[in-house]
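Visitor: Could you walk me through this one? I'd like to begin with what surrounds the ligand.

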Amino acid sequence: MPQLFDPLTIKSITIKNRIGVSPMCQYSSENGHATDWHLVHLGTRASGGAGMVMMEATAVSPEGRISPQDNGIYLDSHIPKLKQITDFIKSQGSIPALQIAHAGRKASRGVPWISEKHVPASEGGWQIVGPSAVAFGDGYEVPHELNSNEISNIASDFRLAAKRTLAAGFQILEIHAAHGYLLHSFLSPISNHRTDSYGGSFENRIRFLLETVEAVKMEWPSNLPLFVRLSCTDWDERGWTLTDSIFLAIELKKLGVDLIDCSSGAIAPNIKIPVKKHFQVPLAEEIKKKANIATAAVGLITEPKAANNVIHKEQADMVLLARELLRNPYWPIQEAQYLNKVTPGVIPNQYRRGF
Ligand SMILES: Cc1cc2nc3c(=O)[nH]c(=O)nc-3n(C[C@H](O)[C@H](O)[C@H](O)COP(=O)(O)O)c2cc1C
């Protein structure tokens, strides 16, 4: 049975342990360009011992950013700083991963620590887009309903983003299809009210995501891992369900997707989510077992022994940590100590006297 500190090989890539940094927006980019903040933030988590460091939701077009300060991969000029970041992550024995995204009807918002309100065009914002002209909730703008040409242009944006992701040195690419952003908003009947070939039936609602995966595969090498993050349930019977996710995961696997990163929720405000420790682990377990595909579990995983159990009981193949690694980037090397898994190279030489 695998353990937290066992390596995981997916295609040509071996991740040294089962711990990944979950993607986290930093709102610290300049016109989509990563900054020294990202180098230090992601670099610290790599030297902290995480086997995989996934960079935040990175927009495939300017309109795909959540905020004007979001990271982007829609210009070639975005590549050099990202390359510096991936080089450093690799130097620490960690695998750099990038989540590529389009924020859809939840785009053009302010930075959380200032104001999450809509940013109007006069202040650097833009027209938001979605599957249907339905706002996310109160205080949100009504999105422009995308036509089929616009949908295929966005799939092309994902393709070009994949090309730049590779040029920037990332070794894992994740397509963000969760949290109410554009791709998730096509999956869920709560946000997708279309009557064309992108709406209505399950097959129609998953079409855009499948086309996006196909587009990405035109540039992303078949020997490098491809992940998809899903909101595996909307936690509302009118919405996307775990059963839908299982059927979708079967289709994604057929297309060559290697791992489903199992998150949940955020398609609409005011839906009650049963948040507690490990609450999303059963989603990862069900998809792993029923769709026979690797999964990552995420959400309130903070204790090393419990994290080890997720891997050991084969509920998921990886655990991703977000807020715990904001509090303590050295969680992986500290926990390696507690679990007696310190092998040569786990602690950076420069830090050995501290451990
Ligand atoms: C500051 C912050 C930024 C986040 N940004 C993203 C993101 O860019 N993409 C994403 O899929 N999830 C994002 N999330 C969600 C996390 O990846 C993770 O799924 C969630 O925080 C639950 O894990 P945790 O309990 O370990 O924090 C973000 C979370 C935080 C706290």
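This is a predicted model: local features need pLDDT of at least 70, side-chain atom pairs count only at pLDDT 80 or more; totals for chains, interfaces and linings use all residues.

Visitor: Which of the 20 residues come nearest?

Guide: Of the 20 residues around the ligand, the nearest are S22, M24, A57, A322 and R323. As for where the shell comes from, strand 4 (52-59) and helix 10 (323-327) each supply at least two of its residues.

Visitor: Let's change topic. How many helices and strands are there in the protein?

Guide: The protein has eleven helices and twelve strands. Its radius of gyration is 19 Å, close to the 20 Å that the globule rule gives for 355 residues, so the protein is as compact as a globular protein of that length.

Visitor: And what share of the residues is buried?

Guide: Buried residues make up 52% of the 355 residues. In general, nonpolar side chains tend to be buried together in soluble globular proteins. Here the largest nonpolar core has 99 residues, and those with the most contacts inside it are C262, A297 and V319. Strand 4 gives this core its largest share, six residues.

Visitor: What does V319 touch?

Guide: Not counting residues up to four places away in sequence, V319 touches R18, I19, A297, I301, A307, V310 and I311.

Visitor: Now helix 3, how far does it reach?

Guide: Helix 3 covers residues 148-167 and reaches 29 Å from its first C-alpha to its last, which is close to the 28 Å expected at 1.5 Å a residue. After helix 3 comes G169, whose phi is positive, near 95°.

Visitor: Which of its residues are buried, and what covers them?

Guide: The buried residues in helix 3 are I151, I154, D157, F158, A161, A162, R164 and T165. The cover over the buried residues of helix 3 includes helix 2 (79-91), strand 5 (95-101), strand 8 (172-177) and helix 6 (207-217).

Visitor: Last one: why does L182 count as buried?

Guide: L182, which is found in helix 4 (residues 182-187), counts as buried because it has 30 C-beta neighbours inside 10 Å, where 20 or more are needed. Leaving aside neighbours within four places in sequence, L182 is in contact with H102, A103 and G104.

Conventions. Residues are numbered from 1 along each chain as its sequence is written. A residue is near a molecule or strand if its C-beta atom, placed from the backbone, lies within 6 Å of it. Helices (H or I, at least four residues) and strands (E, at least two) are DSSP runs, numbered from the N terminus. A nonpolar core is a set of buried Ala, Val, Leu, Ile, Met, Phe, Trp, Tyr and Cys residues joined through C-beta atoms within 7 Å. A residue is buried if 20 or more other C-beta atoms lie within 10 Å of its own, exposed if 12 or fewer, and partly exposed in between; C-beta atoms are placed from the backbone. Two residues are in contact if their C-beta atoms, placed from the backbone, lie within 7 Å. The expected span of a helix is 1.5 Å times one less than its number of residues. The radius of gyration is taken over C-alpha atoms; the globule rule is 2.2 Å times the number of residues to the power 0.38.
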